Amino acid sequence: MDSKNQNYDVCVVGGGPAGIIAAILSKNQTNRVCLIEKNKSLGKKLLLTGKGRCNLTQKNFSIEKFGKNGKFLFQANQTFPVKKILEFFDKINIKTKLERGGRYFPQKESAKFVLDTLKKELTKKKIDIYYQSKVKKIQINHHKIEAVKTKHHKIEAQKFVLATGGKSYPQTGSNGEMFELLKETSHKIIKPRPVLVPIKIKNPWIKHLKGLSLKNVTLNVFLNNKKKFSYFGEMIFTHFGISGPIVLNASRDLIDLEKENISLYLDLKPALDFQTLDKRIQKDFQKYNNKHYRNTLSDLLPQKIIPTVIKLSEINPNLKAHSIPKAQRKNLTNLLKNFKLEFDSLLGFDQAIVTRGGISLKEVDPKTLRSKKIKNLFFAGEILDLDGPSGGYNLTMCFQTACLAAKK
């Protein structure tokens, strides 16, 4: 790697999840493979996945979850299904465990352990790694890449795999620079947009709920006062709004809607219909018959949200439970079933888990992931116009596309 000019059979650009897997699976007994990474270290974004625990894959993976572009993944999913992904990790000594929601995590519960193990595999396979090597130019001749140029190297190869990601978490290096270079190769770039992002909420009381995590709740999205989408599961309040799995997944649908027409409502008790919840509240009021209203909700709600619920219910907090009128109790029931959150905006790329947009799928062969414009160019991972829900879907897509690009 000392020489400024290097020649390889396969050159992979981008040392994230897709690039690392593409490099490992490209290597055989005789070929030369290299991996180019613009940062000082590999896998910066991988370290962030699953809140540092690394949600490797998803038991219920389905290409339909990727929307209208999902059918593009048919061959990749056939080539490297979840079963084979698990076998691959098991073979390199990354044992996995299945958790709630079909999510597979490493038993070690550490993204760093996963990355360190993958790096050992790269070393074992004698794959050359060029760190701090940003690609500045792609040299093309007769619809074929001859070389990529970095500040210090000109790297020639028979085959190139681009796995440089999208624009999400730009601090990890995936800032969309490769899209600009690819425009020079006449590839069409679908405008990148941030998805799987938290939501900013206007309600001034939102900051009082910071850190409150809710399980088994439903987030309902209304457009022009008509219910459009529903998401059931976990969420968390932040100082600016809401986040967590159901919120991130909602952002994938919200991005295409006019924000002025969006209304968000939380159903804090989706397992109970209105009548059943009303009876439950009556029961609690009877139990705490002589207590003040402010002290009657602890069996029903997390402590942190009770002051906000009391204020929004507009019931006098000092009223005794037995004195609360039926109409006010019904208002409380309605509040818990339709807890309104005033939508402000989706957060941007610096908080986005994935990117929607990227290389137009019309210009890539779904059976090989080869570019239809450049003979020896292949794509893998988030650089493609593919995005799925949270819960291991997007990492799975990265591994599957990396495998297909490596094998062809």
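**Strands, helices and cores in a predicted model**

Visitor: In which strand is Asp-128 found?
Guide: Asp-128 is found in a strand that covers residues 128-130. The model we are looking at is a predicted one, and in it that strand is E6.

Visitor: With which side chain does the side chain of Asp-128 make a polar contact of 2.7 Å?
Guide: The side chain of Asp-128 makes a polar contact with the side chain of Arg-32, but there the distance is 3.5 Å. The polar contact at 2.7 Å joins the side chain of Asp-128 to the side chain of Tyr-8.

Visitor: Within what arc do the buried residues of H3 fall, seen down the axis?
Guide: Helix H3 spans residues 82-91, and its buried residues are Val-82, Ile-85, Leu-86, Phe-88 and Phe-89. An α-helix has 3.6 residues a turn, so residues three or four places apart point the same way. On the other side of H3, Lys-83 and Lys-91 are exposed. The buried residues line one face of the helix, because, seen down the axis of H3, they fall within an arc of 155°.

Visitor: What covers the buried residues of H3?
Guide: The cover includes strands as well as helices, and among the strands are E3 (57-58), E4 (96-99) and E5 (103-106). The helices that take part include H1 (17-26), H4 (111-124) and H10 (393-407).

Visitor: Which residues touch the most other members of the largest nonpolar core?
Guide: This core has 80 residues, and H10 gives the most to it, with 10 residues.

Visitor: How many disulfides does a search of the whole structure find?
Guide: A disulfide is a covalent bond between the sulfur atoms of two cysteines, and here a pair counts when those atoms are within 2.5 Å. The sulfur of Cys-34 has its closest cysteine sulfur in Cys-11, at 3.6 Å, which is too far for a bond. Cys-398 is in no disulfide either, since the nearest cysteine sulfur, that of Cys-54, is 11 Å away. For the whole structure, the number of disulfides that the search finds is 0.

Visitor: Does Cys-34 count as buried or exposed?
Guide: Buried means under 20% relative accessible area. The relative accessibility of Cys-34 is 0%, so this cysteine counts as buried.

How values were computed: Residues are numbered from 1 along each chain as its sequence is written. This is a predicted model: local features need pLDDT of at least 70, side-chain atom pairs count only at pLDDT 80 or more; totals for chains, interfaces and linings use all residues. Side-chain values use heavy atoms; hydrogens and water are left out. Buried means under 20% relative accessible area, exposed over 50%, partly exposed in between (1.4 Å probe, protein chains only). Helices (H or I, at least four residues) and strands (E, at least two) are DSSP runs, numbered from the N terminus. The arc is that of the directions from the helix axis to the C-beta atoms. Contact means heavy atoms within 4.5 Å. A polar contact is a pair of N or O atoms within 3.5 Å; within protein, one must be able to donate a hydrogen and the other to accept it, and residues adjacent in sequence count only if both atoms are side-chain atoms. A nonpolar core is a set of buried Ala, Val, Leu, Ile, Met, Phe, Trp, Tyr and Cys residues joined through side-chain atoms within 4.5 Å.
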